[in-house]
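Here is a briefing for a reader new to this structure. Look through the sequence and the model first, then read the points below.

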Amino acid sequence: MSHSFGYSPASLARRHWIALAGLATVAVASKPLRLSAAETGGEEMEVPAVEDLMREHGIMRRALLVYAETASRLSAGKESIPLDALGRTAVLFRQFGEDYHERSLEEQHVFPPLLEAGGPHASLVKTLAAQHQRGRQITDYISAITRKRRVVDADAAPLGKVLTSFVRMYEHHAAIEDTIVFPAWKETISSSQYPSSRSSSRSSNTNCSARMASRMP
Ligand SMILES: [Fe+2]
Ligand SMILES: [Fe+2]
């Protein structure tokens with residue numbers, strides 16, 4: 001069954017992250033998953049894991065642009081709020097940002113080795129995990145507002161405040177991950193465990209992030 005945003009479980013299963021699921025088994029993790037050109041119907045392309053995560057942040061930042069624009073319009077009058085776009089963005093953020101990027105990748109594979117290593121990076125990861133939880137609460141709130149189909153006066157100011165604070169929190173969150181946590185994760189795990197590449201078709205380039213980008217309002 002295809003995912004509502006166009007990626008299928010099968011396509012995700014090809015990702016290098018599935019190799020990471022066997023991190024404890026070095027023999028598996030040390031062998032990057034690679035699709036042949038015949039499998040992909042095109043040229044092979046390798047994408048380092050950290051770069052892949054940062055690309056996913058790019059998709060999530062595009063969602064933040066919708067949130068920021070909505071907050072800006074709220075200050076000008078609630079009639080101009082792009083409620084449908086806001087609702088679709090919240091669905092994307094939930095499915096791609098929270099369920100996939102955060103739960104399936106960061107919380108399953110990136111955070112645990114840093115927590116285990118201890119020190120300042122472990123403290124940082126605890127804060128980031130708490131922000132994931134806070135973000136999910138905010139996504140629930142935004143989705144509940146958009147399901148009403150219109151923003152009542154009592155919701156306008158709180159919604160604008162929540163959107164603005166979420167954008168601020170997540171911009172900081174992604175910046176910390178990009179510049180500190182992901183490099184530290186790469187340093188912490190052994191080179192044999194680091195998923196050095198993900199293969200995909202350069203010609204189709206229909207990786208998960210690209211598909212998500214195409215669905216952005
Ligand atoms: Fe995160
Ligand atoms: Fe992230």
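Helices H6 and H7 cross in a left-handed way. A crossing is left-handed if the near helix is turned anticlockwise from the far one by less than a right angle, and right-handed if clockwise. By class, twelve nonpolar, seven polar and five charged residues make up the contact of H6 with H7. Here Ala, Val, Leu, Ile, Met, Phe, Trp, Tyr, Cys and Pro count as nonpolar, Asp, Glu, Lys and Arg as charged, and the others, Gly among them, as polar.

This is a predicted model, in which local features need pLDDT of at least 70, side-chain atom pairs count only at pLDDT 80 or more, and totals for chains, interfaces and linings use all residues. Residues are numbered from 1 along each chain as its sequence is written, while chains are lettered from A and ligands numbered from 1 in the order in which they are written.

**Overall layout**

- The protein chain has nine helices and two strands. Both are DSSP runs numbered from the N terminus: helices are H or I with at least four residues, strands are E with at least two.
- Along the sequence, the pattern reads α-α-α-α-β-α-α-α-α-β-α.
- The protein chain has 217 residues, and 31% of them count as buried. A residue is buried if 20 or more other C-beta atoms lie within 10 Å of its own, exposed if 12 or fewer, and partly exposed in between, with C-beta atoms placed from the backbone.

**Helix packing**

- Two packed helices are described by the angle between their axes and the distance between the axes.
- H6 (residues 83-117) and H7 (residues 120-147) have axes that come within 10 Å and cross at roughly 160 degrees. Axes are lines fitted to C-alpha atoms, for helices over the stretch in contact, and angles run from 0 to 180 degrees between N-to-C directions.
- H6 and H7 are therefore roughly antiparallel. Angles over 145 degrees count as roughly antiparallel, under 35 as roughly parallel, 65 to 115 as roughly perpendicular and the rest as oblique.
- H7 and H8 pack at about 150 degrees, with axes 10 Å apart. That makes H7 roughly antiparallel to H8.
- The crossing of H7 and H8 is left-handed.

**Helix H6 and its end**

- The expected span is 1.5 Å times one less than the number of residues.
- H6 bends by about 55 degrees at Glu106. The bend at a residue is the angle between axes fitted to the seven residues ending there and the seven starting there.
- Ala117 lies in H6. Ala117 is partly exposed, with 15 C-beta neighbours inside 10 Å.
- Ala117 and Thr188 are 71 residues apart along the chain, yet their C-alpha atoms are separated by 7.7 Å.
- Gly118 follows H6 and has a positive phi, near 75 degrees.

**The loop from H7 to H8**

- Arg149 sits in the loop between H7 and H8. Arg149 is exposed, with 9 other C-beta atoms within 10 Å.
- Arg149 is not a glycine, but its phi is positive, about 75 degrees. Most residues other than glycine have a negative phi.

**Helix H8**

- H8 (residues 153-188) has 36 residues and reaches 50 Å between its first and last C-alpha, close to the expected 52 Å.
- H8 has a kink of about 45 degrees, centred on Glu177.
- The buried residues of H8 include Phe166, Tyr170, Glu177 and Trp185.
- Leu159 is in H8. Leu159 is buried, with 23 other C-beta atoms within 10 Å.
- Leu159 and Thr70 are 89 residues apart in sequence but 9.2 Å apart in space, C-alpha to C-alpha.
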